[in-house]
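User: Could you walk me through this model? I'd like to go over the open spaces and then the helix packing.

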Amino acid sequence: MEQTLRITNVLADPTRYYIYQYIVNNHQDVSVQQIADSFKIHPNVARLHLSKLEDVDMLTSDARKTGKGGRPSRLYRLSDKVIQLHFPYRDYQLLSRIAIKTMMTLGEQGKKALYETGKVFGEELINQQLSLSSTSIDDLTFDEKVSMLKNAATIAGFSPEIQASEEENNILFRIFNCPFKEVTNVESSTICAMHNSFLKGMFEALFDNVKIVELGNMMENCVTCSYQASVLA
């Protein structure tokens, strides 16, 4: 409860809240000066806000040399610790681990069911976006489908970054946040495979014929989970 009160107190400051959102969306380390410039505040004020966020484990930092001489610069990034606020307390991660362990007791049949269910949920996420659009999926342009894909991935908490080329029919899809990260210690390869099925469901709900290749995985010490999607004719 004490930690919950500390977090809510820190985020009660609007500037501090928006600084945290800025770092979430920035996908890379930030310096005190960068925050000061972006929010038009004095570096000492920026440093105070960043320190407050670090005090409650929402950020972490280290000092690095810039190669320009002088003192090392302190860079801040998102902490790997999970911040959850529940009133009263809930432990959905435990529920997830119990459910996954139960599926694994069913062997290959359980894994298959997990992957198929993951794909269905990916499809449903896109279908929810489609229901908000007055345009039929057949009338959507390539760019509109990519935009819808990004919106759905953002809602799912992936913090996505997408680079798409209609001429080459390629989509580079990068995920900076894995919402399943905290349960990967149960069956990491199985969770990642389910996540891939989830993404496959999203892509196939938008594109008739698509091939997805994994390029990088956070569980293998990559910065992001990255995928190359080729939309086939």
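This is a predicted model: local features need pLDDT of at least 70, side-chain atom pairs count only at pLDDT 80 or more; totals for chains, interfaces and linings use all residues.

User: Okay, how much space lies in the largest pocket?

Analyst: The largest pocket holds about 1,300 Å³ of space, and its lining is made up of 39 residues, with Leu-78, Ser-79, Asp-80, Phe-176 and Asn-177 lying nearest the centre.

User: Which elements give two or more residues to that lining?

Analyst: For the largest pocket, those elements are α1 (2–11), α2 (14–26) and β3 (73–78), and it is α2 that provides the largest share, with six residues.

User: And how does the lining of the largest pocket divide by class?

Analyst: The lining of the largest pocket has 21 nonpolar residues, 11 polar ones and seven charged ones.

User: What about the second largest pocket, how much space lies there?

Analyst: The second largest pocket contains about 510 Å³ of space, and of the 23 residues that line this pocket, Ser-96, Phe-121, Phe-180, Met-194 and Phe-198 are the closest to its centre.

User: Which elements supply at least two residues of the second pocket's lining, and what classes are they in overall?

Analyst: At least two lining residues of the second largest pocket come from each of α5 (92–104), α6 (108–131) and α8, while by class the whole lining has 15 nonpolar, five polar and three charged residues.

User: Which residues line the largest cavity?

Analyst: The lining of the largest cavity consists of Cys-178, Thr-184, Ile-191, Cys-192, His-195, Asn-196, Glu-214, Asn-217, Met-219, Cys-225 and Tyr-227. Sorted by class, the lining of the largest cavity has six nonpolar, four polar and one charged residues.

User: Which element gives the most to it?

Analyst: That is α8, which gives four residues to the lining of the largest cavity; both α8 (188–206) and β7 (225–231) supply at least two residues each.

User: Now the helices. At what angle do α2 and α3 cross?

Analyst: The axes of α2 and α3 cross at roughly 115° and come within 11 Å, which means that α2 is roughly perpendicular to α3. The crossing of α2 with α3 is right-handed.

User: Which residues make the contact?

Analyst: On the α2 side the contact is made by Tyr-18, Ile-19, Tyr-22, Ile-23 and Asn-26, and on the α3 side by Gln-34, Ile-35, Ser-38 and Phe-39. By class, the contact of α2 with α3 has six nonpolar and three polar residues, with no charged residues.

User: And where do α3 and α4 sit relative to each other, roughly parallel or roughly perpendicular?

Analyst: The axes of helix α3 (residues 32–39) and helix α4 (residues 43–55) come within 8 Å and cross at roughly 110°, so α3 is roughly perpendicular to α4. The crossing of α3 and α4 is right-handed.

User: What makes up the contact there?

Analyst: From α3 the contact uses Val-32, Gln-33, Ile-35 and Ala-36, and from α4 it uses Pro-43, Ala-46, Arg-47 and Leu-50. The residues of the contact of α3 with α4 divide into six nonpolar, one polar and one charged.

Methods. Residues are numbered from 1 along each chain as its sequence is written. Side-chain values use heavy atoms; hydrogens and water are left out. Axes are lines fitted to C-alpha atoms, for helices over the stretch in contact, and angles run from 0 to 180 degrees between N-to-C directions. Angles under 35 degrees count as roughly parallel, over 145 as roughly antiparallel, 65 to 115 as roughly perpendicular and the rest as oblique. A crossing is left-handed if the near helix is turned anticlockwise from the far one by less than a right angle, and right-handed if clockwise. Contact means heavy atoms within 4.5 Å. Ala, Val, Leu, Ile, Met, Phe, Trp, Tyr, Cys and Pro count as nonpolar, Asp, Glu, Lys and Arg as charged, and the others, Gly among them, as polar. On a 1 Å grid over the protein atoms alone, a cavity is a set of points where a 1.4 Å probe fits but cannot get out, and a pocket is an open set with protein on both sides within 12 Å along at least five of seven lines; lining residues have an atom within 4 Å of a point. Grid points are joined across faces, edges and corners, and a volume is the space filled by probe spheres set on the points.
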